[in-house]
Amino acid sequence: MTTAFDPIVLGGKHLANRLVMAPMTRSRAYGPGAEPTELMATYYAQRAGAGLIVTEGIQPSLLGQGYPDTPGLHTAGQVRAWRTVTDAVHREGGAIYAQLMHTGRIGHPSLLPDGLVPVGPSAVTAKGQVFTHEGPKEFVTPKELTEAEIRQTVADFAEAARNAVAAGFDGVELHGANGYLIHQFLAPNTNLRTDAWGGDTEGRIRFAVEVVTAVAEAIGSDRVGLRISPGNQYNDIAEDDPDEVYLALLDRLAGLDLAYLHLMEGPNRDLTPRLRKVWPGTFVLNPFTYPDSTGPDALRLIEDGSADMVAYGALFLANPDLPRRLASGGPFNSADKATFYGGDHRGYTDYPTLPA
């Protein structure tokens, strides 16, 4: 029987176990350059016991930033700074993928250079607020991307992936979940386009397919993962019947031989085994456990074949040596609110990374 503590080969790289540190935004790239800091190198190196670390969301371009103090991968300075992080993780024997996240309509002009506004597949305003350096602000109506701008955005993802490899990352994960740009193209309430990138299922999956394909061509498909969250309502997304779209998306991507598919499971758990069945490669599962954090019970998902790897989020924040604690049955530091939000935004008190 395969367990979460057995090794696995991912993209040609031998991983020590099947435990994934899920991507979690921390907003610690302080300063105008949006560059990673020494604190971030320490933070990730402390968690190098994970089979795979997936970083916080990293914007592939200036326009992709939607939160304060999030890091980028679109300048030479950012590439150099990320190298300190990847080197630190590799010294500890870990593997690390960069999550490329374009937030699309989720953001605010105050987070962008003068004259820029958030963009999206259509000019549909998200309900709610975003945190900025001046406090919470209402979302604004995004600028609808033109065809030329869509193609440039695809190119930005590919260039950021090349930068990730140059910075020493083992691969990249494309963030197609949680209501950000790729997800906005997939969802019917945020994509009202009538051109080739909208309308029917084939149109709505086109942007995701183009981004994944371009990145795979840029750095090799065995270094590329994709994260999805069908039916997730976060950031004002509405997908009442996501089955058709996501099964079609996976069908289009199945032949690319990607490193993995990362499913952030929602309340509709019936879709999970269907996606698992049709996906030919490594299947990473971030199980739906709301309102609790993913705990030791999730280890059985490897044992029963529900997934090839299982992702942990908040529990990894509170327990840097989580794989060791899971293997020994605990004890576990509590993944409380202070742990989860520590360092995410300047409005919260920073919560120190716990010692191993």
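This is a predicted model: local features need pLDDT of at least 70, side-chain atom pairs count only at pLDDT 80 or more; totals for chains, interfaces and linings use all residues.
Student: What is the handedness of the crossing of helix 6 and helix 7?
Tutor: The crossing of helix 6 and helix 7 is right-handed. A crossing is right-handed if the near helix is turned clockwise from the far one by less than a right angle, and left-handed if anticlockwise. Helices here are DSSP runs (H or I, at least four residues), strands are E runs of at least two, and both are numbered from the N terminus.

Student: At what angle do they pack?
Tutor: The angle between helix 6 and helix 7 is about 20 degrees, and their axes are 10 Å apart. That makes helix 6 roughly parallel to helix 7, a term for angles under 35 degrees. Axes are lines fitted to C-alpha atoms, for helices over the stretch in contact, and angles run from 0 to 180 degrees between N-to-C directions.

Student: Which residues meet between the two helices?
Tutor: From helix 6, Asp243, Tyr246, Leu247 and Leu250 meet Leu271, Arg274, Leu275 and Val278 of helix 7.

Student: Which residues of helix 6 are buried?
Tutor: In helix 6 (residues 243-253), Asp243, Val245, Tyr246, Leu249, Leu250 and Leu253 are buried. Buried means under 20% relative accessible area, exposed over 50%, and partly exposed in between (1.4 Å probe, protein chains only).

Student: What covers them?
Tutor: The cover includes helix 4 (181-186), helix 5 (201-219), strand 11 (224-228), strand 12 (260-264) and helix 7 (271-278).

Student: Switching to Thr153, where does it lie?
Tutor: Thr153 is part of helix 3 (residues 147-166).

Student: Buried or exposed?
Tutor: Thr153 is buried, because its relative accessible area is 6%.

Student: What does Thr153 touch?
Tutor: Not counting residues up to four places away in sequence, Thr153 touches His102, Leu145, Leu181 and Phe207. Contact means heavy atoms within 4.5 Å.

Student: And where is Asp6?
Tutor: Asp6 sits in the segment before strand 1 (8-10). Asp6 counts as partly exposed because its relative accessibility is 26%.

Student: What is Asp6 in contact with?
Tutor: Leaving aside neighbours within four places in sequence, Asp6 is in contact with Met1, Ala16, Asn17 and Arg18. The C-alpha atoms of Asp6 and Ala16 are separated by 7.0 Å, and the two residues are 10 residues apart along the chain.

Terms used. Residues are numbered from 1 along each chain as its sequence is written. Side-chain values use heavy atoms; hydrogens and water are left out. Angles under 35 degrees count as roughly parallel, over 145 as roughly antiparallel, 65 to 115 as roughly perpendicular and the rest as oblique.
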